[in-house]
Amino acid sequence: MADTPDGAAPVQEPSLDEQIAVYQREFQDLDPQVEKVVSALSRLNRRMNVAYGRQTAALGISNAEWEVLKALVISGAPYRMGPSELAKQLGLTPAAMTHRIDRMTAEGLVTRERDESNRVRVIVELTDEGRSKWLDAMRAATVFEEDLLQDLSTAERGLLGDMLTRLLDRVEELQSRA
């Protein structure tokens with residue numbers, strides 16, 4: 001195991017079973033099945049974010065920039081959105097979105113121009129360079145994701161996708177009530 005930058009040995013995260021055993025010792029009302037699912041999803045999410053971050057960094061973009069590129073592609077051709085729409089979709093403040101767009105404009109990933117039909121409105125548009133970076137990131141992600149799911153059959157992948165979508169729907173429903 002490699003040392004951390006400050007020279008100390010890295011702390012080994014306990015296994016899920018060890019973590020759950022500690023939780024049960026400290027909180028007896030814990031449902032170990034629920035905790036195992038939630039803890040596994042949380043760890044998987046963290047580790048996938050690290051992997052995606054390495055991939056996007058190798059392409060010269062950040063995960064934050066990747067999220068903007070993705071939102072523009074999802075919006076459909078001609079891959080244009082207003083900054084406030086982007087900020088809302090990505091859960092950012094307008095100031096944070098402006099900073100991100102400034103950086104991405106300087107990098108040639110997006111353009112920012114006044115809307116010809118409404119001079120007050122600004123439009124952010126994906127450039128050819130931005131679309132190229134998005135495609136490169138998608139290619140790298142596809143390889144990683146296929147490797148990640150290699151031990152699951154097609155039927156298991158479908159079932160897992162359906163179950164995770166149900167969990168996502170539930171979280172979004174609960175959040176919409178808050």
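These legends accompany several close-up views of a predicted model.

**View 1**
Let us begin with the largest pocket, which holds about 770 Å³ of space. Its lining is made of 25 residues. If you want to find its centre, look for Asn45, Met48, Asn49, Tyr52 and Lys70, the lining residues that lie nearest to it. Helix H2 (32-58), helix H3 (63-75), helix H6 (128-148) and helix H7 (154-177) are the elements that give two or more residues to this lining. What classes of residue line the largest pocket? There are 13 nonpolar residues, together with eight polar and four charged ones.

**View 1. The second largest pocket.**
Here the volume is about 270 Å³. Of the 13 residues that line the second largest pocket, five leucines are the closest to its centre: Leu44, Leu148, Leu149, Leu160 and Leu164. Two or more lining residues come from each of H2, H6 and H7. Sorted by class, this lining has nine nonpolar residues, three charged residues and one polar residue.

**View 2. An open sheet of three strands.**
Follow the strands across the sheet and you will meet them in the order E1-E3-E2, with antiparallel pairing. Which strands stand at the edges? They are strand E1 (80-81) and strand E2 (110-115); each has a single partner strand, so one side of each is left without a neighbour in the sheet.

**View 3. How the strands are joined.**
E2 and strand E3 (residues 118-126) run antiparallel and are joined by six bridges. The hairpin that joins E2 to E3 passes through two residues. Now turn to E1, which also runs antiparallel to E3 and is joined to it by two bridges. In this pairing, Met81 stands opposite Val124 in E3.

**View 4. The largest nonpolar core.**
This core has 19 residues, and Leu69, Leu72 and Leu86 touch the most other members. At least two residues come from each of H3, helix H4 (83-90), helix H5 (94-106), E3 and H6. Which element gives the most to this core? That is H3, with six residues.

**View 5. Leu72 and its contacts.**
Leaving aside residues up to four places away in sequence, Leu72 touches Tyr79, Arg80, Met81, Leu86, Val110, Val124, Glu125 and Leu126.

Most peptide bonds are trans, and most residues other than glycine have a negative phi. Where in the chain is there a cis peptide bond? It joins Ala77 and Pro78, with an omega of about 10 degrees. Pro78 is found in the loop between H3 and E1. Tyr79 has its place in the loop between H3 and E1 too, and its phi is positive, at about 60 degrees, although it is not a glycine. Is Tyr79 buried, partly exposed or exposed? With a relative accessible area of 22%, Tyr79 is partly exposed, because buried would mean under 20%. Tyr79 is also one of the residues that Leu72 touches.

Conventions
Residues numbered from 1 in each chain as written. Predicted model: local features only at pLDDT ≥ 70, side-chain atom pairs only at ≥ 80, totals over all residues. Heavy atoms only, no water. 1 Å grid on protein atoms, 1.4 Å probe; cavity = no way out; pocket = protein on both sides within 12 Å on 5 of 7 lines; lining within 4 Å. Points joined across faces, edges and corners; volume = space filled by probe spheres on them. Helix = DSSP H or I, 4+ residues; strand = E, 2+ residues; numbered from the N terminus. Nonpolar A, V, L, I, M, F, W, Y, C, P; charged D, E, K, R; others polar. Pairing = 2+ DSSP bridges. Core = buried A, V, L, I, M, F, W, Y, C linked by side-chain atoms within 4.5 Å. Buried < 20%, exposed > 50% of the residue type's maximum accessible area, 1.4 Å probe, protein only. Contact = heavy atoms within 4.5 Å.
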